[in-house]
Amino acid sequence: MFYTLYEYCRTHANCEALLPYLNIFKYITFRSFGALMTSLFIFLIFGQRFINYLVQKKIGQYIREEGPKSHQGKSGTPTMGGALIIIAGVFSTLLWGNFSQEYLWLCLGVLLAYGALGFVDDYRKLLKKQNEGLSPKQKILLQSLIACVAGAILIHFSHIDTQLHFPFFKNLHPELGWYYLIVVSLVIVGASNAVNLTDGLDGLAAGPSIVAYSTYAIFSYVAGNIIISNYLQVAHVPGAGELTVFCGALVGALLGFLWFNTYPAQVFMGDTGSLSLGASLGLIAVITKNEILLIMVGGIFVIEALSVISQVTSFKLTGKRIFRMAPIHHHFELKGWAEPKVIVRFWIMSLILAILSLATLKLR
């Protein structure tokens, strides 16, 4: 809205007096910080009221019995907090974003679509009164469908570069054509499920998500700026800079959520939040041509997902478990680590991986 107001005043002579005061809205950096602060304040102002509403409606989390015994006390904690993350993020993006950028609309669409899928999953858990909503096949099918639609829009309508860019190799860019749709789907669906699997401890998913979105805010700005991208020899994606505003909005919403989600949590994000946050992060990675680098930026999410995959595979093939329990954060709990220690150490690892990822901008 603010950018549209600036554009209107810039093109209409009768608004010249206001233009000097509105010029600041043309800068992506200013609008990104504005989006961050707006979504943060929205959550801080309405967060407790939202939690009280969830408590009133008895929208509480069901805890699986085979998990760590210390988690049983969390049963009934309000869930679906991800709904307010999405509301704050979308409102803030619409307030500060440039509506003419199609990438921005696509990210909002994926965020809302996966948020709706997560909401259905959370709602079915409430109806069944257990920690099982949609079946894994149903979730994967719907996630893949949304991801394929988003990928088709990127390739056919947005004409996105269908080369796959490898970090550390500035000349290694294999052209995939429509096969790139497979990459897009794998990245979006994989990121969505990886964040969902990480969301098992208070603040464990929110912390690395803040780090990841902050990192991709920088990548988005670099990719959208032709001077900086040429200097760093990274792919230039016209219009990608506007995703910095979207990332800023979600960072602010996640900071506000973490205020209430930090140990001991007053609210959980649920699948409504984790599925949507992971999917939109994956889409941003695709648009900015940093799909492979997401493995490093979201290293915590990758480790969590791989721990589940390896645990299931090992048990099916050999009847033995690699970890005491998967995802891996439960393994460390059962080894005797206190929950806050697991959380903070995973946060530290996430921050280190993000710094290493940013270093690759100069190592092409």
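How many salt bridges does a search of the whole structure find? The search finds six salt bridges, a salt bridge being a side-chain nitrogen of Lys or Arg within 4 Å of a carboxyl oxygen of Asp or Glu. This is a predicted model, in which local features need pLDDT of at least 70 and side-chain atom pairs count only at pLDDT 80 or more, while totals for chains, interfaces and linings use all residues. Residues are numbered from 1 along each chain as its sequence is written, and side-chain values use heavy atoms, with hydrogens and water left out.

**Salt bridge**

- The side chains of Arg31 and Glu242 meet in a salt bridge, with an N to O distance of 2.4 Å.
- Arg31 lies in helix α3 and Glu242 in the loop between α9 (226-232) and α10, so this pair ties together parts that are 211 residues apart in sequence; helices here are DSSP runs (H or I, at least four residues), numbered from the N terminus.

**Helix packing**

- Helix α8 (residues 206-224) packs with helix α15 (residues 339-359) at an angle of about 10°, their axes lying 9 Å apart, where axes are lines fitted to C-alpha atoms over the stretch in contact and angles run from 0 to 180 degrees between N-to-C directions.
- That angle makes α8 roughly parallel to α15, a label given to angles under 35 degrees.
- On the α8 side the contact (heavy atoms within 4.5 Å) includes Val211, Ile218 and Phe219, which meet a set in α15 that includes Trp347, Leu351 and Leu358.
- The residues of this contact of α8 with α15 divide into eight nonpolar, four polar and no charged, with Ala, Val, Leu, Ile, Met, Phe, Trp, Tyr, Cys and Pro counted as nonpolar, Asp, Glu, Lys and Arg as charged, and the others, Gly among them, as polar.
- The axes of helix α5 (residues 102-128) and α10 come within 9 Å and cross at roughly 35°.
- Tyr103, Leu104, Cys107, Leu108 and Leu111 of α5 make this contact with Leu243, Phe246 and Leu250 of α10, and by class it has eight nonpolar, no polar and no charged residues.

**Backbone geometry**

- Most residues other than glycine have a negative phi, and most peptide bonds are trans.
- The peptide bond from Tyr263 to Pro264 is cis, with omega near -10°, and Pro264 lies in the loop between α10 (243-261) and α11 (270-287).
- A cis peptide bond also runs from Ala326 to Pro327, with omega near 0°, and Pro327 has its place in the loop between α13 (299-318) and α14 (328-334).
- His159, although not a glycine, has a positive phi of about 55° and is found in the loop between α6 (136-157) and α7 (180-198).

Technical notes
Helix = DSSP H or I, 4+ residues; strand = E, 2+ residues; numbered from the N terminus. Parallel < 35°, antiparallel > 145°, perpendicular 65-115°, else oblique.
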